[in-house]
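Subject: Structure for your review

Dear colleague,

I am handing over the structure we discussed, and I would be glad if you kept it open while reading the notes below.

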Amino acid sequence: MNKHDIAQRVLDLVGDRAEAEVRVSGGSASLTRFANSFIHQNVGEEGESVSLKVVVDGRVSTAITNRMDTLDQVVDDVIEAASHQPVDEDWPGLAAPTEAPESLHFDEATAGASPQERASVVSDFVAQGPGMRAAGYCDTSATEVVMANSAGLRMEGRATSATVDGIHQTDTSAGSGHATAYRLADLDGAAVGSLAAHRAQRSSEPYDTKPGDYEVVLSPEAVSTIAVFLAVYGFNAKMKIDGQSFMNIGEQQLDESISIWDDYFDPKTLGLPFDAEGTPKRRVDHVEAGVSRSHAHDRRTAAKMGAESTGHALPGGAGWGAMPTNLFVGGGDQSEQDLIASVDRGLYVSTFNYCRILDPKSQVVTGLTRNGTFMIENGAITGAVTNLRFTQSFVQALGAGNVLGIGNDSRLADSEFGPGMIVAPSMRLAAWHFTGGAEG
Amino acid sequence: MFDYAQAAVEGALAAGAEYADARVVVAKEQGIEVENQNVDDVGVSESAGIGVRALIGSSWGFYATADLTDKAARNAGTTAAAIAAASSVVAGPHMPLQDVPVVTDSYETPHEEDPFSVALSEKVDLLVGVTKIMQDVPGVLIATASLRFFDTNKWFVSSQGHRIHQHIVESGGGYDATAVSDAESQRRSYPQSFGQYETGGYEKIRKWNYAENAQRIAEEAVQLLDADQCPEGEKQLILEGSQLGLQIHESVGHAIELDRILGWEAAFAGTSHLELEKLGTHKYGSELMNITADATLPGALGSFGYDDEGTPAQRVDIVTEGTWVGVLSGRDSSAVAGLPPGGMVRGDGFNRLPMVRMTNVGLLAGDSSLAEIIADTKDGIYMSTNRSWSIDDKRLNFQFGTEIGWEVKDGKLGKMVRNPTYTGITPKFWGTLDRLAGGDEWVHWGTPNCGKGQPMQVGHTGHSAAPARFSNVRVGVTG
């Protein structure tokens, strides 16, 4: 039975007993993992799952199963569960029928990639660091999704993803490299491995530097971590409803050089053409020239705030709210070298690690640097420093006058929370508050 | 189900695997979430499938499918072996395995009240009720409550002859209140942040007396908005049990994972500040520090009968009177390191490769009490309930924030403080442990959201802890 047939079968099983929304997703995912410069874990999986939401007179219940042999029982159980619930006063109703945009980010060859092809990318990465220890992964995945609801909505989409991500290590340092695309053929394991090896060599024998406020140049990966926090705790409309978002629509809250938007249609990004509720993707401007413009909405938050869904519902994510997953941080016109060259004394940060929110409203976050932190003096990198802990308001860091330069090197950058969601450039910021050395 | 697992193992061996094992897993989870008396979600998820791993040379190959037929299981075994063989493109040293007893056995989590048999209406009424109590406190903007229950059956077969069935039952939940001012938000949770989870049935929910604590929790959230900021400086620090549980999880539990020590997790989760050659001599903390990894503790979240390699659950000494003496390990990592197998390998569902996981990594109880510790403290902060956590990739530099704190002056609990944080370096911090409670204050805290591995796996771990005191700790770190 194909996914359309499964979705229709579920709707038929529900019949007129309830409103229903069905999401049938499936595909394959494979990941080749290496450490100490050899492949040690190599995994793959395939399967399908059905997510069902039913509404009985405003009473909502959900179910997820990968057991196609018990769908009738699942449907009966979820309807029974809904009928015993209190009315969900915030239920926004089902999405109306509409056309889904074309699936723009799917590659047949990536969907069928072999373990040998992934191992080849790994081999290219590892070969760039002779005498060093390499660790990381190369993965490929293919997802196909069919959405249907009892209001008549029917849509399908598909997407692929491929990533190579890893580090090279010396006895005293590590350097990282990363690339993600929807085509495995676009990944250059040697180039990513070379960057990682270069960073590892350059950051060997690091020295301790005193904590305090430093001017910084952040790599695209470090900037993408900032963007994750702005999105999850700020753009997310549920955080606004809960009184915890920094965003005030129409106010100049960031430096005028900062623009952030979400755009599924850009070829540099990944993913499906609709969200978990069947709302088609569209471009959404969250910040324009530093002015807060729009929250990310799912149907529930949109109904509460008198807005329209922006197509940002997450599977099973009502408790979290809405999250943009095709995010772009606007690029500038300077090379990363230009940004470094304009710093008298500061730090270059390759990646942030283990960042956690301390206060959502002020966007105060603590975390550490990792895999290459460098001292900049008189416009040039003069050495490596040991990792540092920071405690910093991200909104303040990007505030008016604090963004001193933006790179022209935008790429699909891996925040510490996973690949494929954010295109970001390098950035030069006036101050970053480091509160301690990572190793005491 | 054993037959499917057997077919998968046979498929892997026929395709060249030196060793293979397979798990059929049938899992059910129920979750209920309520916000401000409105039921946001009542959901059930079910999954069934088989995961088979095959060892060839230096690499594991693993393949999972939801198709539970003899043919699909056999094909999964064949595919797992083919994936392992492809690893030879970037090969390393041969991966050895420690011997473990070959057993045929079954295990079931001790539980009194099947959580899936308790009426949904009773669960919903409980959560709606506690959010109403919290909402009735002026100043509370958001009151949320949740329950989650897990019922997992696993059938394990290995090419060496293991046949083990396990039925694991887990229950947990909790609630929190959030108050918001123009400048910031403050949250209080009960029994701990993200809820308290244990192995067992619905009796684990009843014992925490949700309704009795809701008003206090809500009032504290509101009071925090007007509390003074946590002072900055070096002070005596008293940690409430659940916060100490997370401190153990992050600064001990992950650091003693042998796969991290061996570099197998270097790129993502990280490595460890611990070096194997210092096992048995490295000073981890003060003489009050006695840590065990004990998968046999009744009711604790990391308890089971056998791990997902068929190794029996056991208690392993990790830190004895402040000295590091043990690790968390599986059959492969322990063989590489020349140590006995620890039985600490578990996978998340049927479709994830089993890996080294914390069981119940806990700090053995002391002979004091929170009241005695406070009475004996001259200038300190008492911090409770985790709000944020961050630690570096070697598990050395940490910074934690808690939901609430109180000054302790001259043996008395003083004023409430907001945004309490503390930071430290692992062995230095544990070296200052100087008072430790026990008795009824020693609790099997559960962490249901431990992330590790690629693809990501979520693990359920336990951390027994009682309130404890540390000295000369840097508190009040601000941005």
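The notes that follow go through the contact between the chains, then the sheets, and then some local features.

Please bear in mind throughout that this is a predicted model.

I begin with the interface between the two chains, where 80 residues of chain B are in contact with 71 residues of chain A. The area buried between chain B and chain A comes to about 6,000 Å², and carbon and sulfur atoms give 48% of that area. Three residues, Glu46(B), Val90(B) and Gln454(B), supply 11% of the area that chain B buries against chain A, which is more than any other three residues supply.

As for polar and charged pairs, the count between chain B and chain A is 6 salt bridges, and 42 residue pairs are found in polar contact across this interface, counting pairs in which both residues have pLDDT 80 or more. On the side of chain B that touches chain A, the largest share comes from strand E2 (residues 38–56) of chain B, with 11 residues, and the residues of that side divide into 38 nonpolar, 26 polar and 16 charged. Arg387(B) forms a salt bridge with Asp359(A), in which the closest N and O atoms are 3.7 Å apart.

Turning to the sheets, chain B has an open sheet of 4 strands in the order E13-E12-E11-E16, with antiparallel pairing. The edge strands of this sheet, each pairing on one side only, are strand E13 (323–324) and strand E16 (361–363) of chain B. Strand E11 (residues 291–294) of chain B is joined by 4 bridges to strand E12 (residues 315–320) of chain B, and the two run antiparallel; Ile291(B) stands opposite Val319(B) in E12(B). Helix H6 (residues 241–253) of chain B packs on the sheet, where the helix touches E11 and E16 of chain B, and the direction of the helix makes about 120° with that of E16(B).

Chain A has an open sheet of 6 strands in the order E10-E9-E8-E11-E18-E17, and here the pairing is mixed. Its edge strands are strand E10 (291–292) and strand E17 (411–415) of chain A. Strand E17(A) is joined by 4 bridges to strand E18 (residues 418–424) of chain A, running antiparallel, and Arg411(A) stands opposite Ala424(A) in E18(A). Helix H6 (residues 220–235) of chain A packs on this sheet, and its direction makes about 70° with that of E17(A).

Over all chains, the count comes to 48 salt bridges. One of them is between the side chains of Arg148(B) and Glu29(B), at 3.1 Å from N to O; this pair links distant parts of the chain, with Arg148(B) in strand E5 and Glu29(B) in strand E1 of chain B, 119 residues apart.

Finally, some backbone details may be worth a look. The peptide bond from Tyr190(B) to Pro191(B) is cis, with omega near -5°, and Pro191(B) is found in the loop between strand E7 (185–190) and strand E8 (196–199) of chain B. The peptide bond from Gln454(B) to Pro455(B) is also cis, with omega near 0°. Asn209(B), although not a glycine, has a positive phi of about 45°.

With best regards

Technical notes:
Residues numbered from 1 in each chain as written. Chains lettered and ligands numbered in written order. Heavy atoms only, no water. Pairing = 2+ DSSP bridges. Contact = heavy atoms within 4.5 Å. Axes fitted to C-alpha atoms, helices over the stretch in contact; angles between N-to-C directions. Buried area = accessible area lost by both parts, 1.4 Å probe. Salt bridge = Lys/Arg side-chain N within 4 Å of Asp/Glu carboxyl O. Polar contact = N/O pair within 3.5 Å; in protein donor to acceptor, adjacent residues only side chain to side chain. Nonpolar A, V, L, I, M, F, W, Y, C, P; charged D, E, K, R; others polar.
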